[in-house]
Amino acid sequence: MAEEEGPTVELRQRKKPKSSENKESAKEEKINDTPIPERAPKYVLFQRFAKILIGCLAALTSGMMYALYLSAYHERKFWFSNKQELEREITFQGDSAIYYSYYKDMLKAPSFERGVYELTHNNKTVSLKTINAVQQMSLYPELITSVLYHATGSNESMEPVYFYISIVFGLQGIYVIALFATSWLMSGTWLAGMLTVAWFIINRVDTTRIEYSIPLRENWALPYFACQVAALTGYLKSNLNANVQRFCYVLINVSTYAFMMMWEYSHYLLFLQAISLFLLDIFSLEQNDKVYEVYKIYIFSLFVGYLLQFENPALLVSPLLSLVAALMIAKCLQLNVKKGTFVAKMMKVIHFYLVCTLTVTLNIIMKMFVPHKENGHMLKFLEVKFGLNMTKNFTMNWLLCQESLQAPSQDFFLRLTQSSLLPFYILVLVICFLSMMQVIFRRINDKSLKETVTLEDGRIGERPEIIYHVIHTILLGSLAMVMEGLKYIWIPYVCVLAAFGVCSPELWMTLFKWLRLRTVHPILLALILSMAVPTIIGLSLWKEFFPRLMTELTELQEFYDPDTVELMTWIKRQAPVAAVFAGSPQLMGVIKLCTGWTVTSLPLYNDDDLLKRNENIYQIYSKRSAEDIYKILTSYKANYLIVEDAICNEVGTMRGCRVKDLLDIANGHVVCEEGDKLTHSKYGRFCHEVKINYSPYVNYFTRVYWNRSYFVYKINTVISFQS
């Protein structure tokens, strides 16, 4: 009878299932109550579709607006469209000029194959030196851009320089979209993406160098790295759809390889990422399979990069390869021990020690058997930087004086605080880090983690993608505290983490769990704060910084450097085509771009020979004899010497960092123990003495051109020697 009455009772009670005490009836009710499940999925699907559509539109709009903003700001800053080609090219300074000059060379080449050959066997840039410019300067961006310029038919409608900078600005738009997507994936709301973009643009002095030097390798590479991080964030998420996971995996592959090809230092950044994943794995915060799949991507990218970068030995001796190889070996040696036992915990410690030891050992072995010279000066620089060694070497001291290699200034922290980025970043970082520590201690105490973490649990530290970002930003931030130049890699992900945190109800719920909040319903308050706090931040940023951004676009500026324009014009008109010019590396880069003439040195710091050349040529600003300078210049077959007043009469803001001061230290013309007093020298400073036109200087050098900033001297032949 009970079985017969069951359906009758069920029909009467279906509108009030909670009042039924029969659990089986409640289950049957869910099956038979068909109208509600049919409507709910449609509503949920529509809600999800609307959310994704709005988020994608917001991301695309943010990227496009940022790219257009950069283009407009660049036009206003340089008055670019109203300049002649020579004046436009002068805006590319230092190493940026070198990169753009090779883009011009590719466009002038009769064919793509011929252009690549001339770049890989280049003997027209630096005197007495044949270089593989594609490998040494990572010129794949210029190769690809030159192909696109012809393939898209832009050569008929757009000037080469506009196409080039438009590509870079477009990549910056993709950069912003990737950061938007990363924060969105972490928080679950596109509001976090909007806040990320706002902080990124407002703090762009510390997030990017695109305004100062467009062709820099990092401006080409970092957008690909941002795409890789976004894909990795999605890939690490738990309970991921199989198709989405497959898409993320493919995107990680493509973006990792592209990033490695665009920047010579990319493998160092991937090394830090690999350390983050290793720490994520060592505490069993993520499935081993996912992490090791990423390791395989690293190996594949290194292998393909090694082949396409003309067997670049720097990739074989990179710490990334050693670490990944050590991780693979350690995995093969790993024993299957029951989780939670004392032996299993000891194996974790042994595993960590084994990986660290193997990484160092393999790297040493690779450096013993693989001949390499690349970036050797970096190790010497780090030794001096951290006080492990002392040196009077000009190059090392000159690098130490560069602003990007100094520790961050107080202004840096003040700017981040004024935009409210730093306070919220510290808040989010502390909460996530402490929650992560809780997860680790649960693991140590053999407490299993929940497969699905709900909002009510308040355990943000159990989400692997969040912990990856916490570890990664801590590593990048530690390096940025040593060298300010690394802030351009770190701050974008500070924006991502801070925006994710204030927009995440889960983070607020984690905080409320610790505070044991009971006066107000914690879930409701977390949802309210995750909407209210970012809204308040956004409105305050809009009120304070939006007028400044608009003012920047309305202010008309102009790049005005008539002395350099006159110098380049004189070289193109008066100097022989086969002439070789000597001078500061920064100026040589501009000469190579604007005139195409051969130079003695370049503003590149990844080659020991070029660094030595730079130091030797800089001797024109030291207290050396005319004969010494003449011998140095003729050893590089230089025909003309250019002396810059800005360096010769430099008044440095940092004590002891002027070029002439560093040369005096290297040459022993300064006694540091006696308060930096100059010692007696029978020679005056060459750059001053050569201007006076008296013997013996006139026997070696003949002034042929000068203006307010530059003095050009023809280096006489041996026949004109007179004592």
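I take buried to mean under 20% relative accessible area. Cys594 has a relative accessible area of 5%, so I log Cys594 as buried. The model I am reading is predicted.

**Entry: disulfides**

I searched for disulfides next and found 2 in the structure. I looked at Cys401 and Cys657 to begin with. Their sulfur atoms lie 2.0 Å apart, and the two cysteines form a disulfide. The angle about the S-S bond is -75 degrees, and this link is left-handed. Where do Cys401 and Cys657 lie? I find Cys401 in helix H20 (residues 394-401). Cys657 is in the loop between helix H31 (645-648) and helix H32 (659-666). The pair therefore ties together parts that are 256 residues apart in sequence. I checked burial too. Cys401 has a relative accessible area of 17% and is buried. Cys657, at 17% relative accessibility, also counts as buried.

I then turned to Cys648 and Cys687. A disulfide joins them, with an S to S distance of 2.0 Å. With 80 degrees about the S-S bond, this link is right-handed. Cys648 lies in helix H31 and Cys687 in helix H33 (residues 686-689), so this bond ties together parts that are 39 residues apart in sequence. Both Cys648 and Cys687 are buried. Counting bonded cysteines along the chain, I noted the pattern 1-3, 2-4.

**Entry: aromatic pairs**

I ran the ring search over the whole structure, and it returned 36 aromatic pairs. I opened Tyr69 and Tyr73. Their ring centres are 6.2 Å apart and their planes stand at 20 degrees, so I record the pair as stacked. What separates Tyr69 and Tyr73 along helix H3 (residues 35-78)? They are 4 residues apart there, or about one helical turn. An α-helix has 3.6 residues a turn, so residues three or four places apart point the same way. Tyr69 is buried, at a relative accessible area of 10%. Tyr73 counts as buried at 12% relative accessibility.

I moved on to Trp199 and Phe424. This aromatic pair is tilted, with 6.3 Å centre to centre and 40 degrees between the planes. Trp199 sits in helix H10 (residues 190-202) and Phe424 in helix H22 (residues 421-444). The two are 225 residues apart, and the pair links distant parts of the chain. Trp199 is buried, with a relative accessible area of 0%.

I also noted one aromatic cluster, formed by Phe225, Phe259, Trp263, Tyr265, Tyr268 and Tyr493.

**Entry: charges over rings**

I looked for charges over ring faces. Arg217 lies over the face of Tyr99, at 3.8 Å from the ring centre. The charged end of Lys331 sits over the ring of Tyr292, 4.3 Å from its centre.

Which residues of H27 are buried? I list Pro562, Asp563, Thr564, Leu567, Met568, Trp570 and Ile571. These buried residues pack against several elements, including helix H4 (85-90), helix H28 (585-594), S6 and S7.

I followed the last two. Strand S6 (residues 701-706) and strand S7 (residues 710-715) pair in the antiparallel sense over 5 bridges. They form a hairpin with 3 residues between them. Phe701 stands opposite Ile715 in S7.

Technical notes: Residues are numbered from 1 along each chain as its sequence is written. This is a predicted model: local features need pLDDT of at least 70, side-chain atom pairs count only at pLDDT 80 or more; totals for chains, interfaces and linings use all residues. Side-chain values use heavy atoms; hydrogens and water are left out. Two strands pair if DSSP finds at least two bridges between them. Buried means under 20% relative accessible area, exposed over 50%, partly exposed in between (1.4 Å probe, protein chains only). Contact means heavy atoms within 4.5 Å. Rings of Phe, Tyr and Trp (its six-membered ring) pair if their centres lie within 6.5 Å; planes under 30 degrees apart count as stacked, over 60 as edge-to-face and the rest as tilted. A charge sits over a ring if NZ of Lys or CZ of Arg is within 6 Å of the ring centre and within 35 degrees of the ring normal. A disulfide is a pair of cysteine sulfur atoms within 2.5 Å.
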